[in-house]
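Me: I would like to go through the packing of this model with you, one question at a time. Please give the cut-offs as you go.

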Amino acid sequence: MGWIMRIAICDDEVKAIEMYTRDLQRICRENDIEADFTKYRSGDQLLFFTEDIVRDTDILFLDVGMPGTNGIETAKRLRENGYEGEIIFLTSSREAVFYAFDVRATNYLVKEMASEKRLKEVFLRAVETAREKRSEYLLLTGVGEYRNIRISEIRYFEVSQKIVTVYYGDTSFEFVSTIGKLENLLFSKGFVRISRSCIVATRYVASFAYEKVTLTTGENLSVGRKYYKELKNTMKGGSDERQDERE
């Protein structure tokens, strides 16, 4: 399972929310998916909790035809605020598919017509995509803001006391964590610890020596004496270009 799948259902019809919740819970049980459900009665109510949705929700079932802010506009605002999760529209008409592309919706279900088989197929496909995205991105929370960062863009993490700075792309971001937590989280994602205060992405290592690592960007990072052996063993799987300068 790996983690709890966070699912939100937004519909102005209570019966619809109850029906989808019941059916999705059954599908989750049958497919060994641990899930948590959050329910909203309108687009406006959901948008009030935009920060929670962006940070926590993997899959959003969103009714198109709601009073107030409709589903299309709600989805648009969520995307503008950084929501990268899966959106599945609930609609009374197939015409919703024409709007789905504009907000990168995963799929849609026509109310009263979607079979249990169709619901299961759409949902399990969204679950698989959500799991893949979880492995591709790292959600970090700082003081008053958060960043959803693509792991492939991260060069390294540097820790000073409990403040961690992540360097990625052409910018950086500070958040609170520990080097131990990061090491456990990133162990299988192509990162290696090179000192008491630094974890580096192996894909960005151009060369390394006993006391330093040089990144493809030209940045030099210090290597701790006790971490050199692990660094060397890890980099043995890399290309010849990422070699030990002492050899």
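Me: Which residues have the most contacts inside the largest nonpolar core?

Reply: This is a predicted model, in which local features need pLDDT of at least 70 and side-chain atom pairs count only at pLDDT 80 or more, while totals for chains, interfaces and linings use all residues. Residues are numbered from 1 along each chain as its sequence is written, and side-chain values use heavy atoms, with hydrogens and water left out. A nonpolar core is a set of buried Ala, Val, Leu, Ile, Met, Phe, Trp, Tyr and Cys residues joined through side-chain atoms within 4.5 Å, where buried means under 20% relative accessible area, exposed over 50% and partly exposed in between (1.4 Å probe, protein chains only). The largest such core has 33 residues, and those with the most contacts inside it are F157, V166 and I194.

Me: Why is the pair of F157 and F191 tilted?

Reply: Rings of Phe, Tyr and Trp (its six-membered ring) pair if their centres lie within 6.5 Å, and planes under 30 degrees apart count as stacked, over 60 as edge-to-face and the rest as tilted. A search of the whole structure finds nine such aromatic pairs. In one of them, the ring centres of F157 and F191 are 5.9 Å apart and the planes stand at 55°, so the pair is tilted.

Me: Which residues do ring pairs link into a cluster with F157?

Reply: F157 and F191 are both buried. Ring pairs link F157 into a cluster with F173, F175 and F191.
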